[in-house]
Amino acid sequence: MNYRVNTDSARPQPFPPHGRISVEVHGTNNDLIHVKCFGAFNKETMLALVDIQQRYRDLLCPKRYVIVEFIDTCLALPEFFAEATRHHKELVSRGQSSKAVAYVMRKGIEGKSIMKGFFLGVYKDAGIPVTVTETVGEARQWLKEKGLVSAQTNENWSTLAESNRAHAALQAAT
């Protein structure tokens, strides 16, 4: 992993974000972004993410492939989706959009049946290839099919898998 930032480091807002988003940057060209989401989410969560993207410009690498992994819930308010859709359309217009996005919503994640279509819509509305998988491994395979080819990035997948196993073990222990 090259580095990690999260929405806790965003500039203060009048109303605090609900949920937390952690962003890990991987790959020799910072072309793999692994986002871990701890929800539920409101508009301010998206505004906090935009703030850290503006301060850490590698998060907007136009060659990036993204995994968005929900850890505990994927519930979000309509205002979150409106802001996310607006933001991603703006990134497309500036040539800073992701190449492809794979959501990881494991079986049984809270809100999956209700929220899946809304999350897919954020990227579909912006014209960005997107899918939902149940595991990081499935997400990795789909991103490879969409063009993720960096050898260094592929080596980092073992780090992602180890991180996910450690997180699962921690979750099981608590």
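Tutor: Let's start with a word we'll need: a residue is buried if its relative accessible area is under 20%, exposed if over 50%, and partly exposed in between (1.4 Å probe, protein chains only). Our part is Leu120, and at 13% relative accessibility Leu120 counts as buried. Keep in mind that this is a predicted model, where local features need pLDDT of at least 70, side-chain atom pairs count only at pLDDT 80 or more, and totals for chains, interfaces and linings use all residues. Residues are numbered from 1 along each chain as its sequence is written, and side-chain values use heavy atoms, with hydrogens and water left out.

Leu120 sits in helix α3, residues 112-124 (helices, H or I with at least four residues, and strands, E with at least two, are DSSP runs numbered from the N terminus). Setting aside neighbours within four places in sequence, Leu120 is in contact (heavy atoms within 4.5 Å) with Tyr103, Val130, Thr131 and Val132. Take Tyr103: along the sequence Tyr103 is 17 residues from Leu120, yet their C-alpha atoms are 8.3 Å apart in space.

Helix α3 packs with α2 at an angle of about 20°, their axes 8 Å apart (axes are lines fitted to C-alpha atoms, for helices over the stretch in contact, with angles from 0 to 180 degrees between N-to-C directions). The two helices are therefore roughly parallel, the label for angles under 35 degrees. Phe80, Phe81, Ala84, Thr85 and His88 on the α2 side meet Met115, Phe118, Phe119, Val122 and Tyr123 on the α3 side. By class, that contact has eight nonpolar, two polar and no charged residues (Ala, Val, Leu, Ile, Met, Phe, Trp, Tyr, Cys and Pro count as nonpolar, Asp, Glu, Lys and Arg as charged, the others, Gly among them, as polar).

Charges do pair up in this structure, which holds nine salt bridges (a side-chain nitrogen of Lys or Arg within 4 Å of a carboxyl oxygen of Asp or Glu). In one of them, Glu90 and Arg86 have their closest N and O atoms 2.7 Å apart. They are separated by about one helical turn because they lie four residues apart in helix α2 (residues 78-93). Salt bridges with shared partners tie Glu83, Arg86, Glu90 and Arg94 into one network. Another bridge, Lys36 with Glu24, has an N to O distance of 3.7 Å. It links distant parts of the chain, with Lys36 in strand β3 (residues 32-38) and Glu24 in strand β2 (residues 20-26), twelve residues apart. Both Lys36 and Glu24 are buried.

How values were computed
Angles under 35 degrees count as roughly parallel, over 145 as roughly antiparallel, 65 to 115 as roughly perpendicular and the rest as oblique.
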